[in-house]
Every structure is written in C-alpha cells, then in structure tokens.
Amino acid sequence: MSNIDLIPPLLIVAPILAATLPIALGLRYDRTGWSVATITSTGLFAAALALASVVYTSGEVIHTLGGYPRTYGIQLVADEFSTLIVLLITGVAAGVLAYTRRGGPRGNTFYTAYLLLVGGLLGISLTGDVFNLFVFLEITSIATYALVASGDGPESAVAALKYLILGTVAASMYLLGVAFVFMATGTLNMVELSTAIPAAERPVLIQTGFAFIVVGFAVKVAQWPLHTWQPSAYQQAPDGVTPLIAALVSTASAYAFGRLIVTVFEVDYLAAMPNAAAIVLTIGCVSVLAGTVLAVIQTEVKRMLAYSSVSQFGLVIAAYGVVIAGNSETALTGAVIHLVGHGLLKTGLFLGAALVAASYGARTVDEYAGLATDRPIVAGSMAVLLFSLVGIPPSIGFVGKWYIALGAVESQLWPVAAVIFLSTMLTLAYAARLLEKMYFTPATVVERPHARGPVATDGGDADRDDDSTPDSEVEIDDGRAAAGLRGGAARNPVSVGMIAIVVVVALGAVALGFAGGAIAELLEPFLTEVIN
Amino acid sequence: MVTAAVSAQQIERWTTMIELLTSRYTYVLMFVLLGIGLYMIIASQNLVKKLIGVSLFQTSIFLFFVSMAYVEGGSAPIVPPESNPGELLVASPLPQVIVLTAIVVGIALTAVGLALVIRIYSEYGTLREDTLREVRADE
C-alpha cells in the first residue's frame, strides 16, 4: 500500500518505454507488436484498477516527480475525476486490441504508435501541471497523426496533415493561454494556480489566457465550427484505429478542459469573469445542434458517427457552461458520466462499423441493409449502442444526458435544457436511419459496390471473402470450439474476439446505465471539493 | 477647461503607450510574428509554406515565454561556484526550461508534418493545396 503513489508515474512511463519494444523486437521477430501491446495494456488496466481501489476508498493519490516542491516541480494527481478517465483509457485500449489481432492494422509500428498514444492519454489525465499537460497533449497528438496517416489510401495522409496543422495551432493556442496565466501568477501547478489566480494583480492577463485556452480546446475537442479536421481524420484512419482515437483522444482533451475549469480557474472565478459562461455555453449548444444536423445528412457510417461525436462533445462543453453559470454539481456529474459513456459507446459503434466493413466492405448507411438477418449479434449490439447514444434508459448515454439536463433545469438555463432535449430527438433521427436499414430494409446484393475484393495488403488470399461471409455467424454461435476446429481461421476476416468485444461494450453500456448512481456517488468527494 | 483635461488625459495615455512600445517591444514583435504565422497557415497554398507558418506561430510563443522571463540587469540563471554568492539578480529559469521542452515538441511536429507532405507529394505529385483539391475531386 505504501507504494501506491508509484502507480501514476508507472502508468505513464510503462507504455512509453514499452513503445520502443515492438520496433526493437521487430528487428528479430515478426509480429511481436500485438503481444507486447496486450501485456502492457492488460498490466495498465490492472494497475488502473489497483489505483482506483485506493482512490475511491481513501482519497486522492499524489506523486511528486523527483521530489521537487510543487511550486516549480511536477505532480501527478489521481483523484476521483482523473481515475475514472484512466479506467476508461486503459479499458478501451485493452479492449481495442481484441479487435486489432485479426482486424488489423498489423505491423509493429502500429503498436509503437498505439502505446505512445496510450502513454500520452494517461499523462493528460494524471498530470497536475498545466505545461506538462501541453507536452502530453502533443505526445498524444503526434501519435494520433501517425495513426491516422497509417490508413491505406493517400487520402489518409491529407486528413492527417489537416489534423496536424489545426491540432498544432490549437495546442499552441493553449500554450499561449498558459503563458498569459503564468505571466500573471508565476506558477504552473494546478493547485497552486487555483489560489494564485484569484489573487492575481492583473485579471486581464487571466482573462486573455482563458480565452486562448477555450479556443485551443474548442479545436482539440472538435467543436463546431473548429471541428473540420475531425470527420476526415476519423473516416480515413484505419478501421482498427478509429475506435481508439474516437473514444479517447477528444475525451482526454475534454477532460483536460473540464479539469482546467473546475480545478485551475475554479467555478466561482469563472462565474465572475464577464462572458466566460456565455461563451462556453454557446460553443457547446451550437456544436450540439450543428453536429447532429451534419450527422443526419451523412451517407458514410464512420463519418456520421464522427459528426455525432461533435454533437456529443458539444453536450459535455455545454454542461461545463452550466457548471460555470449555475454552479451546478449535477451538471458536472453529467459531464463526467457523459464523457465516459460517450467514449464507451463510440468504441463499440466504431468497432461494429469496422467489423461490418471487414466482413462485407459495407461503409455507407445504405449498405447496412439487411445486416440484422446476416449478422444478428453485431446488428443487435450496434442497435443497443445506438439507442444508448440517443439516451434511452437504462443505458449510460441516458444517465449522462439526464444529469446534464437536470443541471440545466436546476440552474434555470432553459435554452440549454431545450437544446439537450432537441439534440436527443435529432440523435434519434440519424440513429433511426441506421436502425431502419439494418432491421427493416431487406438486403440486396447489388447494393454493395464496395464489397471486398482480394485486398492487396494481406498478400491477397482471394478466397477468403467467399467462405467467410455466409458462415461467420455460425462461428459465433459455436463459440470458441468452432474457431478452434477450423484451425485455419486466420482466413476469416472476423474473429470471435472481434465480435465479442462489440458485445461486451454493448453490455457494458447497459450495465453502466444501472450503475449511474454509483458513479455519481464515487465522484461525490471531488464534486464537493470543487463546487461549494 | 474640460477640453484641456481630456487632452491632458490623452497625452498621458499616449506616453504610456509609447513607453509600453519601447520597453515591451518584444511582445509587440511576438504578436506580429504570431499574425504572420497564422496568415501563412491560412493564405498560403503551398503545404510546406503552411508548415513553415505553423513553425513560426509556435516560435513566436517561445519568444513570448523567453521575453517574459527577462529581468532587467539579470544574468543567466546559473548556480555560481561560490558557496555563498550573496544577492543575485537572474532571469527566471522556469520559462526557459519550458521553451526548451516546447522546442523539442515543435521539432517533432514539424518532422511528422514534413513526412506527411512527402507522402502527399509522392501520391499526388503536387504541393499546392488548390491543385491537390482538383486532383482529389477527379478521383
């Protein structure tokens, strides 16, 4: 127990060090990447669980790096809020590996970028220093650019470059904001800042700094109209990568933004700052509406889900606005739960979309016709996840939206409450399109122009889509026995693990829906600390 | 009487402004650089020039940090060899350390960006954004 404060640095250092292994071992052995990544991320998840068991029973765990005092040293802090995000990151990262073993992308360099990404994300969630946050944001971003660019087509390089330019400018904006705040206060530690900011002699500097930080995070979290990098990045990234970045990268940024609002600037100070609440609320609400409307008109499933992320993160940002404007504990609970819930839902949905693309090559909404009869389990899981995204109880999506809406009503911010209810209707509009195609439109073979031919990347075993399509559902029914019997199951583009992970995520989304109250209780000490 | 008071106030404002420009000219310079960088990112059609703009944008922020840390008459923040050096006036070391780290981050980003540009060039045979848009629209 005494060494529990070593877990936070270990969570960050272990994946970054392990990131060198796939390349180093790859010089000698092929395909070591998956094993290294699995061992690391399973270990990280176990460490995160151990950390959570301490944090939720006996309060926050703090590690001071190098023993330097926090005025100029760096602290890693695991409290009730950050531990929840750490659990989400390690859990999703470990889960996605179940897909990538068969579904790809393969190759050792992918796993290097994957581990760097996980290290950066855990750094964002655990750091207690605003400049250190910038460094981890950039580590995460660089890994994400590389992952997006590892897609097959040349389009992925264009999408990655667009992301790189916008993402770098955004991170620089954040750094500029930090510079202004540092100028006014002379410290970078989050806890020190929270006392130094109200005491600052020049509030103008703090206001300028906050303005730059808001713009920076509006890009990073992909808020309308600064979201333009996000749909093409999600769409062009390899199928196995999209669940990872869609679920985690923007979530970690949104977490960091929330952390800055509640811990660094503090709610009372921002409430007194002119226009701060109004601006954050407006960004959030506009993104909710714009994101959903754009999602409804998309034809590609991955792109539709990407725009849906714009609107769901809009909800989180709007909730932050409610927290500032109404000092609402309920809205903050909602924001945290929705962050975790949305991360989980998008993992499942993008994994489902990747699975369908791997087996049928179906990428547009129309091509999903008749999926329910061909693949009842995947279609069922995706239906559960979509309903959860809409916010139908009992599911995690409902719990988050419920708390946010409740917070808005309690704070008497009626326009925000209206936007949240309207967004639920609009979410139903695009979710229903997909559901209708899957369940009520009969499949026609002609409508699948993208059906998978002999793809060159795998050395072209051309017969695999012939034998895989009809019998892969059988394989699920017979479970592992069938997979074992077939022996040469490597030809099947869809493995049991790939289907199992989608089902597990769907079940998890429903189970967490029942556990909503428990999560709120776990967060309670943190909430009472930051909101008085 | 009233006009005289206003003009006195105005003169005072102008002198503070001029004072600010002469003593804090690095800040002004930094925002000019920031603007140039942002303009290059938006207006330039050439992808490499866009990246140069990004780099310039970042560098201006580094300069901001460094000039913020400057203390008039202060020396470099190095621990002197004497055991008891007495009163020392040094520049703040923290922003300089920050800038060192940020420079490393910036280089990594530029490298990744240039690698992407090379890939785009080998795929599409162009570095211009407008040509790139046409080529992609044709496909």
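**Exercise 1.** Find where UniProt places the feature "domain: NADH:quinone oxidoreductase/Mrp antiporter transmembrane" in chain A, then describe that span.

*Solution.* Start with the record: the unreviewed UniProt entry puts the feature at residues 128-427 of chain A. Such positions follow the numbering used here, feature names are shortened, and annotations may be inferred rather than shown by experiment. We're working with a predicted model, where local features need pLDDT of at least 70, side-chain atom pairs count only at pLDDT 80 or more, and totals for chains, interfaces and linings use all residues. Residues are numbered from 1 along each chain as its sequence is written, while chains are lettered from A and ligands numbered from 1 in the order in which they are written.

**Exercise 2.** Work out which parts of chain A touch chain B.

*Solution.* First, count: 22 residues of chain A are in contact with 25 residues of chain B (C-beta atoms, placed from the backbone, within 7 Å). Then sort by helix: α6 (130-149) and α7 (155-185) of chain A each supply at least two residues of this side. The largest share, 13 residues, comes from α7(A). Finally, sort by class: the side of chain A that touches chain B has 19 nonpolar (Ala, Val, Leu, Ile, Met, Phe, Trp, Tyr, Cys, Pro), one charged (Asp, Glu, Lys, Arg) and two polar residues (the others, Gly among them).

**Exercise 3.** Classify the packing of α4(A) and α15(A).

*Solution.* Take the axes, lines fitted to C-alpha atoms over the stretch in contact, with angles from 0 to 180 degrees between N-to-C directions. For α4 (residues 80-103) and α15 (residues 329-360) of chain A, the axes come within 10 Å and cross at roughly 5°. α4(A) and α15(A) are therefore roughly parallel (under 35 degrees). By class, their contact has eleven nonpolar, four polar and no charged residues.

Notes:
Helices (H or I, at least four residues) and strands (E, at least two) are DSSP runs, numbered from the N terminus. Angles under 35 degrees count as roughly parallel, over 145 as roughly antiparallel, 65 to 115 as roughly perpendicular and the rest as oblique. Two residues are in contact if their C-beta atoms, placed from the backbone, lie within 7 Å.
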